Amino acid sequence: MMWPLFGACLTILGSGGAGFCICMERKQRLEQLALFSRAFALIAGEVGYSRSCLPVIFRETAQKMEDRASCPLKETFETIGTRLEDGGGPDMETVWREEMQRCLAVTKLRRQEKEQILSFSKAVWYPDGERQQTAVLSFVESMEQAFLGAKQTEREANRITMALCLAAGCLTAILLV
């Protein structure tokens, strides 16, 4: 009589654990989105304050960033800055797309969020400092809105996910016992 009860408890715990793993992936996605949002805010600050050239701005931003295994953003910004500084190579949009696609490949971000990040090169391409700053600030605002929207959605989705996983575990345990 003890083994079926033990099996039922393991079934419920397993389905709860699966729900927890799904919620943790969502949390990691949110952390990555927040990291990108912070990086773009730093770039906006550099554009507005120092008015340096883009290679310097990317390297300065990289120095202020933390590198994480789930999102190698610091390394990506350093590489972008170095490639842009070399001069005779590809233009900003090409370098941005190539390097950022490598970085985004290891993230948990959704396709729409990745496309938004890849479109950043169009925001900084203005030669006029004022227009560049306005465009970057607008981009930062849209990234922050995406983060806040994802955060709200995540809370609701996590509650539903945990409830459904635990309910499925309980139903399975009842059916098996």
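## Exposed surface

Of the 177 residues, 37% count as buried, where buried means under 20% relative accessible area, exposed over 50%, and partly exposed in between (1.4 Å probe, protein chains only).

This is a predicted model, in which local features need pLDDT of at least 70 and side-chain atom pairs count only at pLDDT 80 or more, whereas totals for chains, interfaces and linings use all residues. Residues are numbered from 1 along each chain as its sequence is written, and side-chain values use heavy atoms, with hydrogens and water left out.

## Overall form

The protein has 7 helices and 0 strands, so that the order of elements from the N terminus reads α-α-α-α-α-α-α; helices (H or I, at least four residues) and strands (E, at least two) are DSSP runs, numbered from the N terminus.

The C-alpha atoms fill a box of roughly 75 × 25 × 25 Å, taken along the principal axes. The radius of gyration is 22 Å, while a compact globule of 177 residues would have a value near 16 Å; the radius is taken over C-alpha atoms, and the globule rule is 2.2 Å times the number of residues to the power 0.38. Among the contacts with a separation of 6 or more, 66% are made by residues 24 or more positions apart, a contact being heavy atoms within 4.5 Å.

## Nonpolar core

In soluble globular proteins, nonpolar side chains tend to be buried together. Here the largest nonpolar core has 39 residues, and those with the most contacts inside it are Phe36, Phe77 and Met100; such a core is a set of buried Ala, Val, Leu, Ile, Met, Phe, Trp, Tyr and Cys residues joined through side-chain atoms within 4.5 Å. At least two residues of this core come from each of α1 (2-49), α2 (54-64), α3 (73-85), α4 (92-104), α5 (111-118), α6 (120-123) and α7 (129-176), with α1 giving the most, 10 residues.

Leaving aside residues up to four places away in sequence, Met100 touches Phe36, Leu73, Thr76, Phe77, Ile80, Ile117 and Leu118.

## Salt bridges

The structure holds 7 salt bridges, each defined as a side-chain nitrogen of Lys or Arg within 4 Å of a carboxyl oxygen of Asp or Glu. In one of them, Arg29 pairs with Glu113, the closest N and O atoms being 2.6 Å apart. This pair links distant parts of the chain, with Arg29 in helix α1 and Glu113 in helix α5, 84 residues apart, and both residues are buried. Lys64 and Glu46 also meet through their side chains in a salt bridge (2.6 Å, N to O); because Lys64 lies in helix α2 and Glu46 in helix α1, the pair ties together parts that are 18 residues apart in sequence. Lys64 counts as partly exposed at 39% relative accessibility, whereas Glu46 is buried, with a relative accessible area of 10%.

A further salt bridge joins the side chains of Arg111 and Glu115 (2.9 Å, N to O), which are 4 residues apart in helix α5 and therefore separated by about one helical turn. Arg111 counts as exposed at 62% relative accessibility, and Glu115 as partly exposed at 44%. Finally, a network of salt bridges links Arg83, Glu98, Glu99 and Arg102.
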